[in-house]
Amino acid sequence: MDFNVKKFASDAGIFFTRAIQFTGEKFGQVEKTELDAHFENLLSRADSTKNWTEKIFRQTEVLLQPNPSSRIEEFLYEKLDRTVPSRPNNEELLGHYMQDAAKDFGPGTPYGSTLIKVGDCERRLGSVQREFLQTSAISFLTPLRNFLEGDWRTISKERRLLENRRLDLDSCKARLKKAKLAESKAAAVPDFQETRPRNYVLSASASALWSEEVDKAEHELRVAQTEFDRQAEVTRLLLEGISSTHVNHLRCLHEFVEAQTAYYKQCHLHMQDLQKELDSSNGDVFPNAFAGNPGHSMASGGSSPMDPASAVETDTLKIEEVQAPATGTRKAKVLYDYDAADTSELSLLADELITVYTVPGMDSDWLVGERGNQKGKVPVTYLELLS
């Protein structure tokens, strides 16, 4: 206990002394050992790496798990070294609700059978998302966390130690400067008059004492300089390792992008399969269910009463060969100006009225528009369909 008290008092004294030294450096009253420009650049680069890595890590967590409560829960389970309980995500939960609703409405009804198909797709999307989250956490989040909680903590510890070594070195420099000043002052004071031999003896003794103090201060300075140089080299090597950290994070970033690409690709394929399945199974239901609905051409991709045998694929659609159907044409008001991207499109002016219709095989985001003898594809989002 006595030893701990003494150590505490010693640490408090060192802290107080260094606080005074810091204050003197801030006001330019104390000399400070400056690091070379290369070392300062390494420090700045390391700080920048830490700050941006932390921001990217936090925002990636938000992207992968938007729910803050769930993030806190996962954090607590991780700190307690326990496995996070498996829970259905939003897509999986929606899929379950849809399939349960289909059982209640009747799986043999058009609505019930569609709910079953969409619900199954949503559950598959949830499974794909779960796999994406796991892959991203392992390949991207974990390396960033390891840097922040491992490498950066080591760098910070060595930097603090280097700062303490610098303070010790500057303290030794100040002590040596003070001793040399006192030695020179003591050497200048002696009185060589024979009538005052006592003054001479005292002055000579003081000069010898300060000379001994100078030797001691020089020795302490050499030791402090050696320790500072050794710690500066250790810290420099760690800071230069930031370059390899960037290389590692670059590889992890590529893996994260690949995981995102695979995730969105799988989602797109699942939705395409669902859309084809719905189009094939509900083709006879939608025209009656949405008769007279202005948004039908946008929601279902258009179901024109034209003969399906005359359908033309979108990528081979030739606007000049398209003929307006006998029924199914509508008037539309243009909401915004639109400049045609190519000869197959029709330029539009805001507030003008045009005739529009759809053809089988055409993208649901587009309609065929006619203005007099001009004809071309027009985007649905630029139009207000009139009854």
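Close-up 1. Ser281 sits in helix α7, where helices (H or I, at least four residues) and strands (E, at least two) are DSSP runs, numbered from the N terminus. This is a predicted model, in which local features need pLDDT of at least 70, side-chain atom pairs count only at pLDDT 80 or more, and totals for chains, interfaces and linings use all residues. Residues are numbered from 1 along each chain as its sequence is written, and side-chain values use heavy atoms, with hydrogens and water left out. Ser281 has a relative accessible area of 35%, so it counts as partly exposed; buried means under 20% relative accessible area, exposed over 50%, and partly exposed in between (1.4 Å probe, protein chains only). Follow the chain and Pro110 is 171 residues away from Ser281, yet their C-alpha atoms are separated by 9.1 Å. Glu277 belongs to helix α7 too, and with a relative accessible area of 35% Glu277 is partly exposed.

**Close-up 2. Where helix α2 passes helix α7.** Helix α2 covers residues 37–64 and helix α7 covers residues 242–281; their axes come within 12 Å and cross at roughly 20 degrees. Axes here are lines fitted to C-alpha atoms, for helices over the stretch in contact, and angles run from 0 to 180 degrees between N-to-C directions. That makes α2 and α7 roughly parallel to each other, since angles under 35 degrees count as roughly parallel, over 145 as roughly antiparallel, 65 to 115 as roughly perpendicular and the rest as oblique. The crossing of α2 and α7 is left-handed, a label used if the near helix is turned anticlockwise from the far one by less than a right angle, with right-handed if clockwise. On the α2 side you'll find Arg45, Ala46, Thr49, Thr53, Thr60 and Leu63, and they meet Ile242, Ser243, His246, His249, Phe256 and Gln260 of α7. Contact means heavy atoms within 4.5 Å. Sorted by type, the residues of this contact are four nonpolar, seven polar and one charged; Ala, Val, Leu, Ile, Met, Phe, Trp, Tyr, Cys and Pro count as nonpolar, Asp, Glu, Lys and Arg as charged, and the others, Gly among them, as polar.

Close-up 3. Thr53 is part of helix α2. Is Thr53 buried or exposed? With a relative accessible area of 7%, Thr53 is buried. Skip its neighbours within four places in sequence, and Thr53 is in contact with Leu144, Phe147, Leu148 and His249.

**Close-up 4. Trp152 beside Ala46.** Trp152 lies in helix α5 and is buried, its relative accessible area being 9%. Not counting residues up to four places away in sequence, Trp152 touches Ala46, Asp47, Lys50, Phe147 and Arg159. Take Ala46: Trp152 and Ala46 are 106 residues apart in sequence, but 8.7 Å apart in space, C-alpha to C-alpha.

**Close-up 5. Phe39 and the largest nonpolar core.** This core has 41 residues, and Phe39, Phe132 and Leu239 have the most contacts inside it. A nonpolar core is a set of buried Ala, Val, Leu, Ile, Met, Phe, Trp, Tyr and Cys residues joined through side-chain atoms within 4.5 Å. Two or more residues come from each of α2, α4 (90–105), α5 (110–188), α6 (197–240) and α7, and the largest share, 18 residues, is from α5. Zoom in on Phe39 and, leaving out residues up to four places away in sequence, you see it touch Leu162, Ala232, Thr235, Arg236 and Leu239. A second, separate core has twelve residues, including Ala332, Tyr338, Leu348 and Val380.

**Close-up 6. Asp351 in a loop.** Look between β1 (330–334) and β2 (353–357): Asp351 is in that loop. Its relative accessibility is 55%, so Asp351 counts as exposed. Asp351 has a phi near 80 degrees, a positive value in a residue other than glycine. Most residues other than glycine have a negative phi.
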